[in-house]
Amino acid sequence: MEWSPALVFLSAVMCVTAFDSDCQIDDAQICSTVMSNQLNITEMRGAMDQFLSDITDELQKNREDMKELMVLLQRDTAEEALKFEELAKCQTQTNEKVAVRSDLETKKKELVEATRKKLAARDQLQAEVESLRQKKAASLEKIQCLKEQIKNREGMIANLAVAAHVPLDCADLQVKGLAKSGVYTIYPMQDDTKLQVLCDLETDGGGWTVFLNRAPQVNPVNFNLPWNDYMIGIGKPPGEYWMGLDFLHLLTSYYPTSLRFEASNFTGFEKFAEYHTFRVDNEENNYKLTLDGYQIDSTMPDNLLTNNDCYFSTSDRDNDKFILGNCATFTNVAHGGWWYSSCGKSRLTGPLLNSMTWASASVYNWDPALSKTAVSLKTISLKFRRHNYRDLANVKGPSICKGC
């Protein structure tokens, strides 16, 4: 074991002191004690050095742990700072949400109040509507009642007007009080222009004005005439005659009119067909025919609807739809003016011959058993009547309307 200079010096001093001392001390004992103390000191020093080394190691370890702790602390501090920042943002958002919620609550209250007011207004409007509905129902009832009164009074006024003015047609004559069929004078232009016509005041309530009348005569009328003759009229009643296209146009333009077609064949059978709508246009439109509304209670099958929308044709005016010639002059068929389509199912201005061919006045549809066969006609009557005739003829006086 090595001795440190300090210990050697200390031992020498002690030994010298021992030898110089007057006290009687055993030198060997002193040296032994010194040596023992040196050994203890050396052991203590070693222990101290070990302790200091251990402390140094522990401090180093603690320093490293402290560094790790500092790193962890810095990381945690950064995380906490982020969390704090997020918390601050959340707090801000929460505050904003609270503000928005408060605003929404305010708006909700305002909306509830506005809705309450609107519901109250709706209830009031419903009450007013119900009141108006009741008033409307009462008003409609009064209006209907007034309409009935007006209708009756219009009928009376019309009757008075008919009685006051010159007769326009046969319906006017019947409303004036005539009831027997025959030849009468009418004024189709409502001036001094007179026209003699055959009036049917008995068939189906009367009021019919005949514009084409055909029946066998000793001196039959020739209907194979040019355009101007059909314009002004052919023949005279009560015999065979054609009213004239100009008058026919006027009389079917004043009021909506219906058409009745009556005929008999050479075996004695009589039939009729009625059409709800009948109108003849002016000369500028070639007296175009409007015909519609075949009545199902007619006893004669339809023979005229194919003539609807057709223009009038004569021997000198070809206005038909037949591309091979003029139906009014075509070979082997009866000649005469008519509203031809492609020569059609009817030829009512030809001669009255019992020929069962198209060479005579004839129709195509007469008897289902004679389909596709022309049937010659012995008598023909075409007549029209305005739609409001029955209203004029049946007015008795104003009705009594309760509550009006």
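**Close-up views of a predicted model**

View 1. Lys107 and Asp103 both belong to helix α2, four residues apart, about one turn of the helix. This is a predicted model. The two side chains form a salt bridge, and the closest N and O atoms are 3.4 Å apart. Lys107 counts as partly exposed, at 46% relative accessibility. Asp103 is also partly exposed, at 35%.

View 2. Leu69 is found in helix α2, which spans residues 27-164.

**View 3. Strand β6 and its two faces.** Strand β6 covers residues 257-265, and nine of its nine residues are buried. In a regular strand the side chains alternate between the two faces of the sheet. Here, Thr257, Leu259, Phe261, Ala263 and Asn265 point one way. Ser258, Arg260, Glu262 and Ser264 point the other way.

View 4. Strand β6 pairs with β7 (residues 270-280) in the antiparallel sense, over seven bridges. Across this pairing, Glu262 stands opposite Phe272 in β7. The two strands form a hairpin with four residues between them. In the turn, Gly268 has a positive phi of about 95 degrees. Strand β6 also runs antiparallel to β11 (residues 375-386), joined by nine bridges. One of the contacts with β11 places Leu377 as the bridge partner of Asn265.

View 5. Side chains of opposite charge can pair when their charged atoms come close. Glu274 and Arg260 form a salt bridge, with the closest N and O atoms 2.5 Å apart. The pair links distant parts of the chain: Glu274 in strand β7 and Arg260 in strand β6, 14 residues apart. Glu274 is buried at 15% relative accessibility. Arg260 is buried too, with a relative accessible area of 8%. Salt bridges with shared partners join Asp200, Arg260, Glu262, Glu274 and Lys383 into one network. Arg260 also lies over the face of Phe272, at 4.1 Å from the ring centre.

**View 6. Lys271 over Trp366.** The charged end of Lys271 sits over the ring of Trp366. It is 4.9 Å from the ring centre.

**View 7. A buried salt bridge between Asp169 and Arg386.** Asp169 and Arg386 form a salt bridge, with their closest N and O atoms 3.1 Å apart. Asp169 lies in the loop between α2 and α3 (170-175) and Arg386 in strand β11, so the pair ties together parts that are 217 residues apart in sequence. Both Asp169 and Arg386 are buried.

**View 8. Aromatic pairs.** A search of the whole structure finds 14 aromatic pairs. Phe211 and Phe384 form a tilted pair, 6.3 Å centre to centre, with 35 degrees between the planes. Phe211 is in strand β3 (residues 208-214) and Phe384 in strand β11, 173 residues apart. Phe211 is buried, with a relative accessible area of 1%. Phe384 is buried as well, at 1% relative accessibility. The rings of Trp242 and Phe312 have centres 5.7 Å apart and planes at 35 degrees, so this pair is tilted. Trp242 lies in strand β5 (residues 241-242), and Phe312 in the loop between β8 and β9, 70 residues apart. Trp242 is buried at 1% relative accessibility, and Phe312 at 0%.

Definitions and conventions: Residues are numbered from 1 along each chain as its sequence is written. This is a predicted model: local features need pLDDT of at least 70, side-chain atom pairs count only at pLDDT 80 or more; totals for chains, interfaces and linings use all residues. Side-chain values use heavy atoms; hydrogens and water are left out. Buried means under 20% relative accessible area, exposed over 50%, partly exposed in between (1.4 Å probe, protein chains only). Two strands pair if DSSP finds at least two bridges between them. Rings of Phe, Tyr and Trp (its six-membered ring) pair if their centres lie within 6.5 Å; planes under 30 degrees apart count as stacked, over 60 as edge-to-face and the rest as tilted. A charge sits over a ring if NZ of Lys or CZ of Arg is within 6 Å of the ring centre and within 35 degrees of the ring normal. A salt bridge is a side-chain nitrogen of Lys or Arg within 4 Å of a carboxyl oxygen of Asp or Glu.
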